[in-house]
Structures are given as C-alpha cells and as structure tokens.
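Hi everyone, thanks for coming along. I'd like to walk you through one model today, helix by helix and then residue by residue.

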Amino acid sequence: MQIQPCHFVGEAPAAAGAPRLRLVEGLDAVDRDRARLQARAALRSCLAAELGCAEAELEISNLRNQPPQLRMHGQLLEALHCSISHAPGLALLAWHRGAAVGVDIQAVDGRMPRAELEAVARLFLQPKVAQTLSGFAENALFLEAFAQAWARQEAQLKCAGLGLVEWSAGLQARLTGMSCASLLLAQGHAAAVAWWPATDKEPVHRG
C-alpha cells in the first residue's frame, strides 16, 4: 500500500483554505470491506502525522453512507472533517479543518452505452454540464468528460451530506457557495474534491 500526494488540475484553488488530499494505491481490489479498512488505516496514518500523535490514539468510523468521523482517545474531533472514496485498488482521502469536505473517484467505464450515460447526465447533472457532454463527438472523450463531471457531482453531494438526487433548482441552491475542483489522476480515472469554506481555522490540538 502506497500513499501518494494528489494534486489539483491547474492551479490549486485557494491553497491555504483547500482540503488536504492523498491517493492510496495497492488496496485490495476484490474484497471491498478489506479495502475500506485499508483506506481508513491510511487516513489514520496521515492524520496521526499531522496531529503529532500515535496512530493508536486515533479511531476512524467505518459506517456505510456516512462520512468518516475522527476520534482521539474516544473524543470526537469535530473541527476536522474527512472523506474517503474508493475505486478498485485505489482510495482517495481528504481532510479539512472547520467545514465539510467530499471526495469522489471514478474509473472511466467504457462498457456503458453512451445514450444511457447522456440520459443519466440530463437527469442528475446541471443542465449546462449535460449539454456540454452531449457535444463531444468522440466517445472516448465523452466517457472521460462524463466520469469527471460525475466525480464532481458526487463530491459535492457528499460534502453537502446528500445522497444521489436528481438535479433541481433546490439542489443548486444547496450547493451554492461550495468550492469544487478536479484532481489529477492516472489515465482511466477521474476524481474531484468539494468543500465548504472553513468556519473554524484554529488548528486541531491533541486531546
């Protein structure tokens, strides 16, 4: 298992206030439950280094469809928000002080018919994004762009604490004010991170 830096596409947006990110490679690509535990072990290692404590002092929750919660000596560290996303053999980690964060990683899937993906885009993505996707003439470029758009949408929904919902004016209002950025990954994958502006910029101290 290797933990690598993960970089924004283009210039880092508001670098001082952006979440911290790591890409974990070499996770179990068959056993999803084992991969989840491996990803949390990697996140615990990253956070222990940042907080200046032993890994054994930290606990990270492992509940499906809920963001990971961090505890030190059993006490919830409310100021530090975390997010994890998985693809076969990979995990994307993020942590952010003072406000919620969401990440998503997607493998580019060439097996899905383009017509079905375009229908999904019209239903779940912002209309202008769906329209842009339909303008790609080459299927390969369309698939990459769809995976990236879907990763951005999922990251924003996770950050907002929402499940998959159809696009609406109400959803757009819920996401207003949230930052979102695409991430650089190896070919065949797309990823994104979304975060709210930090409301508490004080450092997290050891308990």
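I'll begin with the ground rules, move on to the helices, and end with a few single residues.

This is a predicted model, so please keep in mind that local features need pLDDT of at least 70, that side-chain atom pairs count only at pLDDT 80 or more, and that totals for chains, interfaces and linings use all residues. Residues are numbered from 1 along each chain as its sequence is written, and side-chain values use heavy atoms, with hydrogens and water left out.

Let's start with helix H1, residues 32-51. Helices here are DSSP runs of H or I with at least four residues, strands are runs of E with at least two, and both are numbered from the N terminus.

Now the two ends of H1. At its start, a side-chain oxygen of aspartate 31 comes to within 3.1 Å of the backbone nitrogen of aspartate 33. After the helix comes glycine 52, with a positive phi near 70 degrees.

Which residues of H1 are buried? Buried means under 20% relative accessible area, exposed means over 50%, and partly exposed is in between, using a 1.4 Å probe and protein chains only. The buried ones include Ala35, Ala39, Leu43, Cys46, Leu47 and Leu51. As a reminder, an α-helix has 3.6 residues a turn, so residues three or four places apart point the same way. The buried residues of H1 pack against several strands, among them S1 (2-5), S2 (20-25), S6 (80-87) and S7 (90-97). Contact, by the way, means heavy atoms within 4.5 Å.

Next, helix H2, residues 114-124, and its two partners. Two packed helices are described by the angle between their axes and the distance between the axes. The axes are lines fitted to C-alpha atoms, for helices over the stretch in contact, and the angles run from 0 to 180 degrees between N-to-C directions.

The axes of H2 and helix H3 (residues 127-134) come within 8 Å and cross at roughly 160 degrees. That makes H2 roughly antiparallel to H3, the label for angles over 145 degrees, while those under 35 are roughly parallel, 65 to 115 roughly perpendicular and the rest oblique. On the H2 side, the contact is made by Arg114, Glu118, Ala121 and Arg122, and on the H3 side by Ala130, Leu133 and Ser134.

With helix H4 (residues 139-160), the axes come within 11 Å of the H2 axis and cross at roughly 30 degrees, so H2 and H4 are roughly parallel. Residues meeting across this pair include Leu117, Val120 and Phe124 from H2, and Phe142, Phe146 and Trp150 from H4. H4 itself has 22 residues and reaches 31 Å from first C-alpha to last, close to the 32 Å expected. Just after H4, glycine 161 takes a positive phi of about 75 degrees.

Staying with H2 for a moment, leucine 123 sits in that helix and is partly exposed at 37% relative accessibility. Beyond residues up to four places away in sequence, leucine 123 touches Glu166 and Trp167.

Now for two backbone details. Most residues other than glycine have a negative phi. Asparagine 65, in the loop between S3 and S4, has a positive phi of about 65 degrees and is exposed at 83%. Histidine 73, in the loop between S4 and strand S5 (75-76), has a positive phi near 55 degrees and is exposed at 53%.

Last, two residues in strands. Is serine 182 buried or exposed? Serine 182 lies in strand S9 (residues 179-183) and is buried, at 14%. Its side chain makes a polar contact of 3.2 Å with that of glutamine 148. A polar contact is a pair of N or O atoms within 3.5 Å; within protein, one must be able to donate a hydrogen and the other to accept it, and residues adjacent in sequence count only if both atoms are side-chain atoms.

Histidine 81, in strand S6, is partly exposed at 27%. A polar atom of its side chain lies 3.3 Å from the backbone oxygen of glutamate 78.

That's my tour, and I'm happy to go back to any part.

How values were computed: Expected span 1.5 Å × (residues − 1).
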